[in-house]
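Subject: the structure I promised you

Hi,

Here is the structure we talked about.

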Amino acid sequence: MRQIAALPYRTEGPAIDASVRVLLVTSRETKRWVIPKGNLDKGVAPHAGAALEAEEEAGVLGLVCPTSLGSYRYRKRRRNGASLMLDVEVFPLAVSQELDSWKEQSQRERRWFSLSEAAAAVEEPDLRELIRSFGPSEMKAAIRRTDLLSTVAEKSKVNRMFGWFQRLLPKTGNFFEMFEAHAVTVTAGADALARLLQDGNRDHIQEVIEREHDADDIIREVLRTVRETFLTPFDRGAIISLIGSMDDAIDEMQAAVQAIDLYEVTQFEQEMKDMAAIIVDASRITAEAMPLLRDLASNGGRLHELTERLVRMESHADEIHAAGLKRAFKELGPQDALRFSVQREIYKHLERIVDAFEDVANEIDGIVVDHA
């Protein structure tokens with residue numbers, strides 16, 4: 001048997017190493033901690049069903065990513081005595097609102113947990129691993145600042161002359177800090193874009209534009225530092241390509257909101273919201289990946305997991321994009337060609353955002369292959 005579930009989450013602040021918290025609820029009968037889950041109704045998309053379970057069981061609303069995080073198994077005992085194995089597909093849900101009252105409020109308790117606390121609270125081993133894999137893996141170890149040249153000198157026992165020469169060379173640059181800062185702006189831009197598609201508030205347009213300007217400042221600093229730095233953590237071309245791919249994502253976010261503003265769009269199709277949910281999750285994954293680049297040897301495996309998920313999300317977004325365009329053509333087509341053209345342009349920008357995140361994944365994979 002198959003079920004669907006939501007993993008409601010929120011990030012504690014905008015910092016690159018901000019902790020992630022997830023919301024668990026108690027089961028109705030045993031009162032053990034679980035995630036909102038249930039059977040999938042016929043004709044309902046899996047991620048939409050997961051969002052409905054989160055609203056009914058946990059009283060939370062938000063954008064749910066159509067690409068699942070993975071699945072887990074558990075054995076459910078029926079009232080007739082049968083014990084059946086169920087497969088549960090889990091979809092991340094970025095919580096934007098907690099309701100004061102909801103359908104199963106009197107039957108369940110809800111509570112926010114850190115990732116480690118949530119993993120310890122649930123009973124299912126596979127679910128425990130999914131929760132652990134969701135957040136920044138070994139983040140503190142990965143962002144530990146080290147001096148590259150002094151580490152090399154210590155390991156290779158180079159002589160003092162090299163140490164004297166080293167002090168004359170330009171510094172290795174703060175590329176990792178700039179990668180992480182850019183990822184923060186991309187994540188903030190994605191969140192603002194998603195909120196715009198949810199509630200239509202025009203303030204979100206200005207926020208995306210401001211975030212794009214912040215990202216431009218960062219990429220200019222990266223390019224300047226590349227020119228002035230003698231030793232870089234990895235190939236200069238890889239540095240420029242990686243930050244360029246990230247910048248492409250937020251550039252397209254700006255293009256999307258400017259099109260929305262130009263054409264005064266106030267209503268957004270479900271497929272657009274689904275693509276925005278993928279963009280939010282893709283930006284979160286990108287933000288997790290950036291600090292891991294500090295120690296490629298230790299973090300290569302985790303980076304591969306993250307980039308593989310980005311590629312899967314891009315493929316899923318292509319399917320949603322095609323379905324949205326097809327529906328728009330059928331509903332509008334010759335009857336309202338202007339409105340169809342507007343929707344097609346918005347879809348185009350949303351698709352390009354996700355494509356840029358796939359480019360980020362490819363750049364990271366290339367760096368890992370060359371340097372891990």
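To start with, where is the place of glutamine 254? Glutamine 254 sits in helix α9, residues 236-262. (Helices here are DSSP runs of H or I with at least four residues, strands are runs of E with at least two, and both are numbered from the N terminus.)

Before going on, a word on the ground rules. This is a predicted model, where local features need pLDDT of at least 70 and side-chain atom pairs count only at pLDDT 80 or more, while totals for chains, interfaces and linings use all residues. Residues are numbered from 1 along each chain as its sequence is written, and side-chain values use heavy atoms, with hydrogens and water left out.

Back to glutamine 254: its relative accessible area is 14%, so it is buried. (Buried means under 20% relative accessible area, exposed means over 50%, and partly exposed is in between, with a 1.4 Å probe and protein chains only.) Leaving aside residues up to four places away in sequence, glutamine 254 touches Val208, Ile209, Glu212 and His213; contact means heavy atoms within 4.5 Å.

Now the helix pairs. Helix α8 (residues 203-228) packs against α9 at an angle of about 160 degrees, and their axes are 9 Å apart. (Axes are lines fitted to C-alpha atoms, for helices over the stretch in contact, and angles run from 0 to 180 degrees between N-to-C directions.) The two helices are therefore roughly antiparallel. (Under 35 degrees counts as roughly parallel, over 145 as roughly antiparallel, 65 to 115 as roughly perpendicular, and the rest as oblique.) The crossing of α8 and α9 is left-handed, that is, the near helix is turned anticlockwise from the far one by less than a right angle; clockwise would be right-handed. In this contact there are 14 nonpolar, 4 polar and 7 charged residues. (Ala, Val, Leu, Ile, Met, Phe, Trp, Tyr, Cys and Pro count as nonpolar, Asp, Glu, Lys and Arg as charged, and the others, Gly among them, as polar.)

Then look at helix α7 (residues 175-199) and α10: their angle is about 165 degrees, with the axes 9 Å apart. That is why α7 counts as roughly antiparallel to α10. α7 passes α10 in a left-handed crossing, and the contact residues divide into 14 nonpolar, 3 polar and 4 charged. Among them are Phe179 and Leu197 from α7, and Met272 and Pro291 from α10.

On to the strands. In β1 (residues 2-11), 7 of the 10 residues are buried, so the strand is mostly covered. β1 pairs antiparallel with β4 (residues 37-38) over 2 bridges, where two strands pair if DSSP finds at least two bridges between them. Alanine 5 has lysine 37 in β4 as its bridge partner. β1 is also joined to β2 (residues 20-26) by 3 bridges, again antiparallel, and arginine 10 stands opposite arginine 21 in β2.

Which residues other than glycine have a positive phi? One is lysine 31, at about 65 degrees. Lysine 31 lies in the loop between β2 and β3 and is partly exposed at 45% relative accessibility. Another is glutamate 264, with phi near 55 degrees. Glutamate 264 is in the loop between α9 and α10 and, at 63%, counts as exposed.

Cheers!
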